[in-house]
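Trainee: I would like to learn how to read the features of a structure like this one. Please take them one by one.

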Amino acid sequence: MPVPTRPSPCSSTSCCVFRPIENLLEQGFEQRFAKQVLSTLRVWRGSGTPMAIAGSISMDFLLADLGITSQVMNNVDRLTLHPFEPEEARAMLRQRGQGFGLKSWDDACLDAVLARLDDLHPFFIDLIARKLSGADRCDADYLERIFARQYWPDLRSSFFPQFQERLAKHFSPEERAAAEALLNALARADSDTLSRPALAERLPDAAVPFGPLLEKLQRQEFVHALAPGEYALALRVLRQWRIDHGA
């Protein structure tokens with residue numbers, strides 16, 4: 001398949017966000033095309049075109065899965081988007097809200113919205129800002145209805161299926177059953193984390209090696225390692241996804 005040879009039409013002050021390479025592959029592109037695309041982006045960047053390449057999983061992990069050397073994207077700054085701190089989240093919600101007619105909302109209103117979000121990532125903040133577009137109320141009952149009737153249904157229909165697809169694509173049937181058992185254990189845990197031994201005890205199939213499975217769960221952004229030997233769901237919203245599936 002042909003690869004564009006001319007620079008992107010981005011201006012010198014703009015930032016282009018390209019669809020994740022993973023999505024291109026799901027559309028039928030060959031793996032070699034991923035390498036060509038990334039090489040082309042490197043050339044454009046070297047010629048002075050500013051850009052950002054966004055993905056739902058680590059680019060390094062994706063390259064490893066595809067068997068592509070990381071040198072194809074050398075001299076590129078890699079950034080991991082972490083959840084916002086409360087002040088940062090409030091600032092983003094205020095900014096996004098002002099664009100959607102929430103100009104009169106004070107900090108108490110913004111905090112009431114943020115308190116209902118499982119994750120303070122920009123995606124979730126932007127989503128709830130859109131759902132509250134034009135709202136002139138922030139009482140608890142109204143917010144509860146917005147979350148129950150719009151926010152969560154949207155996540156379940158458009159966001160949660162991505163988790164299912166990732167399990168099906170990257171895990172064998174045996175690995176998938178074992179992975180779901182570990183994810184369910186984290187979803188049911190009273191605390192945000194479980195120790196490595198506690199997770200190992202939940203492994204239902206001794207034929208599935210625990211170490212490689214845990215590493216794959218991290219590589220596919222289901223689980224994060226926090227304190228030494230402690231693991232948590234990569235997103236808190238994953239807990240609701242697993243509860244929906246019988247955890």
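Predicted model: local features only at pLDDT ≥ 70, side-chain atom pairs only at ≥ 80, totals over all residues.

Trainee: How many helices and strands does the chain have?

Mentor: Helices (H or I, at least four residues) and strands (E, at least two) are DSSP runs, numbered from the N terminus. Here the chain has eleven helices and five strands.

Trainee: What share of the residues counts as buried?

Mentor: Buried means under 20% relative accessible area, exposed over 50%, and partly exposed in between, with a 1.4 Å probe and protein chains only. In this chain of 247 residues, 38% are buried. The accessible surface, from the Shrake-Rupley method with a 1.4 Å probe, is about 13,700 Å² for the chain, and carbon and sulfur atoms hold 51% of that surface.

Trainee: What share of the contacts joins residues at least 24 apart?

Mentor: A contact means heavy atoms within 4.5 Å. Taking the contacts between residues at least 6 apart in sequence, 69% join residues at least 24 apart.

Trainee: At what angle do the axes of H8 and H11 cross?

Mentor: Axes are lines fitted to C-alpha atoms, for helices over the stretch in contact, and angles run from 0 to 180 degrees between N-to-C directions. For helix H8 (residues 173–188) and helix H11 (residues 237–244), the axes come within 9 Å and the crossing is at roughly 115°. That makes H8 roughly perpendicular to H11, given that angles under 35 degrees count as roughly parallel, over 145 as roughly antiparallel, 65 to 115 as roughly perpendicular and the rest as oblique.

Trainee: Which hand does the crossing of H8 and H11 have?

Mentor: A crossing is left-handed if the near helix is turned anticlockwise from the far one by less than a right angle, and right-handed if clockwise. The crossing of H8 and H11 is left-handed.

Trainee: Which residues of H8 and H11 meet?

Mentor: From H8 come Glu180, Leu183, Asn184, Leu186, Ala187 and Arg188, and from H11 come Arg239, Trp241 and Arg242. By class, this contact of H8 with H11 has four nonpolar, one polar and four charged residues. In this scheme Ala, Val, Leu, Ile, Met, Phe, Trp, Tyr, Cys and Pro count as nonpolar, Asp, Glu, Lys and Arg as charged, and the others, Gly among them, as polar.

Trainee: Is Asn184 buried or exposed?

Mentor: Asn184, in helix H8, is buried, with a relative accessible area of 12%. Leaving out residues up to four places away in sequence, Asn184 touches Arg242 and Ala247.

Trainee: What does Asp244 touch?

Mentor: Asp244, in helix H11, is partly exposed at a relative accessible area of 35%. Beyond residues up to four places away in sequence, Asp244 touches Arg156 and Phe160. The C-alpha atoms of Asp244 and Phe160 are separated by 9.6 Å, although the two are 84 residues apart along the chain.

Trainee: At what angle do H8 and H10 pack?

Mentor: H8 and H10 pack at about 70°, with their axes 11 Å apart. That makes H8 roughly perpendicular to H10. Glu175, Ala178, Ala179, Leu182 and Leu183 in H8 meet Phe210, Leu213, Lys216 and Leu217 in H10. This contact has seven nonpolar, no polar and two charged residues.

Trainee: Where is His121, and what does His121 touch?

Mentor: His121 is in the loop between H5 and helix H6 (122–131), and at 12% relative accessibility His121 is buried. Apart from residues up to four places away in sequence, His121 touches Leu81, His82, Pro83 and Leu235. His121 and Phe84 are 37 residues apart in sequence, with 6.0 Å from C-alpha to C-alpha.

Trainee: What is the phi of Glu221?

Mentor: Most residues other than glycine have a negative phi. Phi of Glu221 is near 60°, a positive value. Glu221 lies in the loop between helix H10 (210–219) and strand E4 (223–225), and at 22% relative accessibility Glu221 is partly exposed.

How values were computed
Residues numbered from 1 in each chain as written. Heavy atoms only, no water.
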